Amino acid sequence: MAIERTFSIIKPDATARNLTGAINALIEKAGLRIVAQKRIRMTREQAETFYAVHKRRPFFEELVDFMISGPVVVQVLEGENAILKHREIIGATDPSKAADGTIRKLYAKSVCENSVHGSDTTETAVVEIAQFFSSNEIVG
Ligand code: CMP
């Protein structure tokens, strides 16, 4: 199995409740390595660019407002099958549909304020990582 990288965000609802460490513990327990991490406040422009694929969805404005409402922790995770593994521990977008033990089942407040983001494909991961990290900030 190839070593992959994926992009992760710990969202404002989670940083507000001081859950960064608890979420990182679940990431590491799953065998993923946090090879880059920084706590930032996204600008509106960054959030609109990041979620551009959802621009025409009715929840776009709510989503952007939420993502800039407080600090986020952006991360690069590395490991075998990292994209799928991370999405498994995150759980379904809607926390009411997420499996027991997943991050969203444990911590998410709603389908919008759902605590974490994870890339869905290798192509998306490359683009998302490049939006927030330069290569010398990622230390595997
Ligand atoms: P994420 O995995 O970051 O990808 C897109 C985000 O849009 C998603 O998590 C949620 O935060 C948000 N989202 C998806 N569907 C809805 C919805 N129906 N209403 C509000 N926000 C949503």
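**Ligand shell and aromatic rings**

Student: How far from an oxygen atom of the ligand does a polar side-chain atom of His117 lie?

Tutor: The model is predicted, so to read it, local features need pLDDT of at least 70 and side-chain atom pairs pLDDT 80 or more, while totals for chains, interfaces and linings use all residues. Residues are numbered from 1 along each chain as its sequence is written, and side-chain values use heavy atoms, without hydrogens or water. A polar contact is a pair of N or O atoms within 3.5 Å. For His117 and the ligand oxygen, the distance is 2.9 Å.

Student: What percentage of the ligand's accessible area does the protein cover?

Tutor: Accessible area comes from the Shrake-Rupley method with a 1.4 Å probe. On its own, the ligand has 460 Å² of such area, and the protein covers 80%.

Student: Which residue around the ligand has a side-chain N or O atom 2.5 Å from a ligand oxygen?

Tutor: The residues around the ligand (a heavy atom within 4 Å) include Lys11, Tyr51, His54 and His117. A polar side-chain atom of Lys11 lies 2.8 Å from a ligand oxygen. The distance of 2.5 Å belongs to Tyr51.

Student: How are the rings of Phe50 and Tyr51 arranged?

Tutor: Rings of Phe, Tyr and Trp (its six-membered ring) pair if their centres lie within 6.5 Å, with planes under 30 degrees apart stacked, over 60 edge-to-face and the rest tilted. The count comes to 4 aromatic pairs. In one of them, Phe50 and Tyr51 are 4.9 Å apart centre to centre, with 85° between the planes, which is edge-to-face.

Student: Are Phe50 and Tyr51 buried or exposed?

Tutor: Ring pairs link Phe50 and Tyr51 with Phe7 and Phe132 into a cluster. With buried meaning under 20% relative accessible area and exposed over 50%, Phe50 and Tyr51 are both buried.

Terms used:
Buried < 20%, exposed > 50% of the residue type's maximum accessible area, 1.4 Å probe, protein only. Polar contact = N/O pair within 3.5 Å; in protein donor to acceptor, adjacent residues only side chain to side chain.
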